[in-house]
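Here is a short briefing on one structure. Please look over the sequence and the model first.

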Amino acid sequence: MAHGPTLSANRGGEIPVGSEIRDSVSRLDVLYANQFEGESFDRNLLEETEENFYRGAPPQWLNFHISEQAKSDDTGAPFIKRDGYDTLVDQILKNQERKHPGISTVKLFHQPGCGGTTLAMQVLWDLRKTFRCAVLTGSSSDITEVAKEVVCLFTAGSGDHQNTVLLLLNDEPNSVSPSLEENIMMEMAELKVVPNMPVAILLSCVRKDLGQVFIRDVVLRDFLSDTEKQKFAEKKEELSRKYSDKHEQFHGFNIMQTNFSQDYIKQACAVFSTVRKDRKPLKTQLAALLSLLNAYVPGSYLLESQCLDLWKCQNSIHRDLLLEERMKPFSHLIITFQQDKTQCGKKVRMAHPMIAQCCTELMAEVGLTRSETARNLLTCLCKDEVPPFLLGFVKDMLTKRKPKENNGAKMKEDLGRFSRLILDIQKKEDKSKCVSVLKMASKTFVQNPFFPQALARFYYIELKDYKLAEMWAKTAKQRDPHNSFVADTLGQVYKNHLMNMGFSPNPADVLQLAKKAIEAFKHEEQLAENDMKEDGNTNVSRVFNARGMFGYLQVCNCVFDQLVSQKETWEGVLTKNVSMASVLESLGGNELLRFNDLIRSLRPEVEKRCAFYEKYLTYSKVDRENDDPAYIDRDVSECFRKYVRVSKHVAQNGAGFIQKLQQNLADTSAGVPSCLEREYNESELKEITTGWEEIFLQSFCESLTALRQQIPLSPSDAPELHLVTLLLCWPSDSEDKGVFDLRQLIQCMQRSYEHAYKKYFKSRYLRPLFFIGKGRDLSRIVHRKVLQSDWSDETIFQDPMVQERLLQVEGVVKNYRVFATVGGKDIEVDANQRKSLWKPRQVSFYLGFTIRGPVAFCIKTKSSEKAGISEHDISKPDTSPGTDAARGPSGRLKFGALCGKMDSTDLTKLHPEVSRADEVHTYSLQSEAGKYECSVSALRWVCKERVSFQYQFRSWQEHMKRPQCIDYMPAGPLLDITVTDGEIEEVHLPHCICMDQKSTLSDAFAVLHVDARGVVVESVPEVTTSHIKFLQPIFLPRGVMVQKKPGVPVYCDVLIYKTKKEFLTLDVYLVPRDPAIKQEVEQNQSSRGSIIIQKPGPDKVLQTGDHLSLSTDRADAIVRPRMQDLRCDSSRSFEVFIRNADSDFTLRLEREQNTIWTCTVHRGDYQNQSTDLAHGKKRHNFK
């Protein structure tokens, strides 16, 4: 950067960057377009930088420059690109090529030490002249400031020079990406910036132990492919020539080159075999400290100065020795590096996480245990003022709990019991060692509440020592007396003690302990309320802590169970149907009188908290993708049933239906919405709505007319009443405008929401409660449950049945907001998906209502309506693999508009001549001018002159392993076509995907073609119900693919083969209507002497991932396996075995207990067949 740094411009070229812009992006490490260009470096610096990287130091931009220069000078090979590189770059470029404003996220998951950060930085380096590349290096806690810097980088230069920012988020929490997108949009709106291209692409690089990841995500694991092994072998030769024996200690490189070999790691760490239990010099202890820290806290480090300070207290004549010299013979396992020039010094860590783990194990074997090392770390490094980064590492090591996993999927808000280190100490040593470590941490960091909190949890969960647990929980609470989450631990101690009191405890003891728990949880509730108060003096919490209320209900559940199990009389007392005084003697005497106030308070307090949770769970959920854990609703409902049940007053009045409503909590203000969470059919929902209307309206006004007379309501009225008002006042499909001022009504409702619920729900996703349908008054209100699908990702609105039922509202998007146009006025509403708001335009959408007000769902650009393309499609393809956005009802895929359909009645069907050589069939055809279809492959073509051509079916297998194809599955045959005479104007490749005329054009399809360069995945030019159309085609091996995920609708056939096995054995295949797959099955079966039994296939469309079972009406038949998932290949079949077959029988194929295909296999089908019949003229009739 001899002439100053530059940024790439969107139209090519570069623009200079002034100091004011550079100073405005302090949280971002910007990679400039001309980084290092024209600069010269000291040779020793270059060698040291390269050596450190291969030894295990984190990559620096200079490493990529060195590699690039070596390639340019032909003195070395470029950086090794792991297999995920091409896919990552391709995904990023595809997001840019859409040209539509917005923000997208590309995810890279990697196991620690697999080169994930290096790969991500390599992508940024290679794309620095295309994008404005940067890494988020500052804290993401102030996401508003980060957003401002991203916008500053995007807008640098004049309006013509805007360019997309490619931002690397390295190991940031999942919540950062959506929050950053929201704040970038707000900043753009405030600055009135109107982009005409993608604003940012967020490259989220996540270090994790890989469980379940989406197909679309790039994943790096701790093993190499054959291609990668070859690249690493070649690089190893280069490094050995350049660095001679030095390269043997390039552990960061060598571990990967040996395919993460445990043998290599053990050999590298063998030096620790010299460590003796009775002799642990400082260098051994420091190696143990670094190993423990790096093994349990990815990305952790110590400062070199901290390490050297350990020797200060020793009167050593070697005080001036470098750390590397002091640490021999462990030096080669430790790396010292300068990561950021602005930091206070060099950092020190182990060369690789796997080395750290191995060293920790070896140390433990010779007596330097994990617990002893952890205590040494606290003693040696945390004596005086501890730097914040080290406190963070220690806190993570001792208190950070990993989410539990269920079949590889992390469970939201369901954490493991303790940190990984504490669990390992418990497993490999004993529980007392866990206590000693946590106790020392608590005494070392005397102001930190989290160490005594973890210690209290260990006491009550593992040791059942509730007295000490209470003491440490109170200590934690004293250290942070205003933190409701810390206060929760004391209530949990009492609650768990209560739950573990044993058989038939004394009622007084139960109530005494319950009183303590209830007081603790009520104090937590008050702190949680205080956290949300906006008084201008304290930071307001974003997340409302509802654990206190839930803990209260759990305690009440436990009290009920403990007391009622001993004497049923307690049931009447606790539900306030029997006075305690009247049964006092039978319950235990006067000693229980001191708990009278507590007992009398339980039922009303339970009702109040159940009412809160009913609204909390009905009106909102954790976020767009995650529901609250099921046990919350279960425990709340159980507590309500125990304490509240049905009041005598209702039962005596004989109001049966109102009783039904109260049993379902439907007579509260959240009544109808709460019923939506239960399993009711549509007629029952309508009945409940009517009953709720009667109860609710009687509470507020005498009649519907009276309600209308009260409009506009006051913001002090309940949000539920405002909701009813808006539903009644919103114009119907036959009205141009409403009678009331909708803007005023919405504003009043929003103020009512802010007063009543905002503090509880502001971090949560608000569920739509109702949608506006076609019709008038209450008859047009559509419950969300009636949609029978997830509306949050908006795919349900692609279903024609839903579209027919809901009212489509016209509106406009402007300045990043959406408005409904009613009576010529623009009425602002919320957007369910704010990514639909990047582009100003005329739109239409469906209107839902949350407890905050109206929300626009499925926002579509009006000019695109005929094609059915929504802005959701524009900003991010709905059909991306691994997302639910490509699905229709019940998570099934929906596909795009049909175009260019060739009417089959215009076609002439031709039968090909077939030749065979080495098991390969070649199909030859010739035709005059016209439109034709091949009877075997369903290939169609149009020609204006006489043509001759031939084709062969090719295997998909080797191509589908390529990174370009990993997100796809075959949707038709891979055809290798060769034209021998004439010219074909159009060719239509067949596919087996079900698409009806109402579908809209989608990018779910792609076409693979194979040329001299290898495999290329190209976009689809034109889609019809059964084919992909090409004009003036180039004839290379080509085939249709579709994005891989469950729910793809497929036409299928059933192939039945009688095998030569003992007795009657049938192989039954359910395969897509793909002639190549059928040919593959036939060749496989015929080679074994099997005979086909011709039967018609299903007339119903199936979907990939369907769970299908095959059965017969023969009691003695054995079918294996009982169930298969439908796939787009021939790899799966059913075997039907009948020992004494001598009559007709029926085969039945079922999906979710619904019959989708049946046929009768006659006795003559399997007793009178010959191989001639099976392999005669019908052999190639695969249609």
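T850 sits in the loop between strand 21 (841–849) and strand 22 (854–861). The model is predicted: local features need pLDDT of at least 70, side-chain atom pairs count only at pLDDT 80 or more, and totals for chains, interfaces and linings use all residues. Residues are numbered from 1 along each chain as its sequence is written, and side-chain values use heavy atoms, with hydrogens and water left out.

- T850 is buried, with a relative accessible area of 3%. Buried means under 20% relative accessible area (1.4 Å probe, protein chains only).
- Not counting residues up to four places away in sequence, T850 touches L723, M749, L766, R767, P768, L769 and V855. Contact means heavy atoms within 4.5 Å.
- Helices (H or I, at least four residues) and strands (E, at least two) are DSSP runs, numbered from the N terminus.

**Helix 11 against helix 14**
- Helix 11 (residues 282–296) packs on helix 14 (residues 353–365) at an angle of about 125°, and their axes are 8 Å apart. That makes helix 11 oblique to helix 14.
- Axes are lines fitted to C-alpha atoms, for helices over the stretch in contact, and angles run from 0 to 180 degrees between N-to-C directions. Angles under 35 degrees count as roughly parallel, over 145 as roughly antiparallel, 65 to 115 as roughly perpendicular and the rest as oblique.
- Helix 11 contributes T284, A287, A288, S291, L292, N294, A295 and Y296 to the contact; helix 14 contributes A356, Q357, C359, T360 and M363.
- By class, the residues of this contact are eight nonpolar, five polar and no charged. Ala, Val, Leu, Ile, Met, Phe, Trp, Tyr, Cys and Pro count as nonpolar, Asp, Glu, Lys and Arg as charged, and the others, Gly among them, as polar.

**Helix 3 against helix 5**
- Helix 3 (residues 61–72) and helix 5 (residues 116–126) pack at about 65°, with axes 10 Å apart.
- W61, F64, H65 and E68 of helix 3 meet T118, M121, Q122, L124 and W125 of helix 5.
- This contact has five nonpolar, three polar and one charged residues.

- Helix 19 (residues 450–463) is mostly covered. Eleven of its 14 residues are buried, including F451, P452, R457 and E462.
- Just after helix 19, K464 takes a positive phi of about 55°.
- In helix 27, the buried residues include I632, D635, F640 and K642.

Key: Buried means under 20% relative accessible area, exposed over 50%, partly exposed in between (1.4 Å probe, protein chains only). The expected span of a helix is 1.5 Å times one less than its number of residues.
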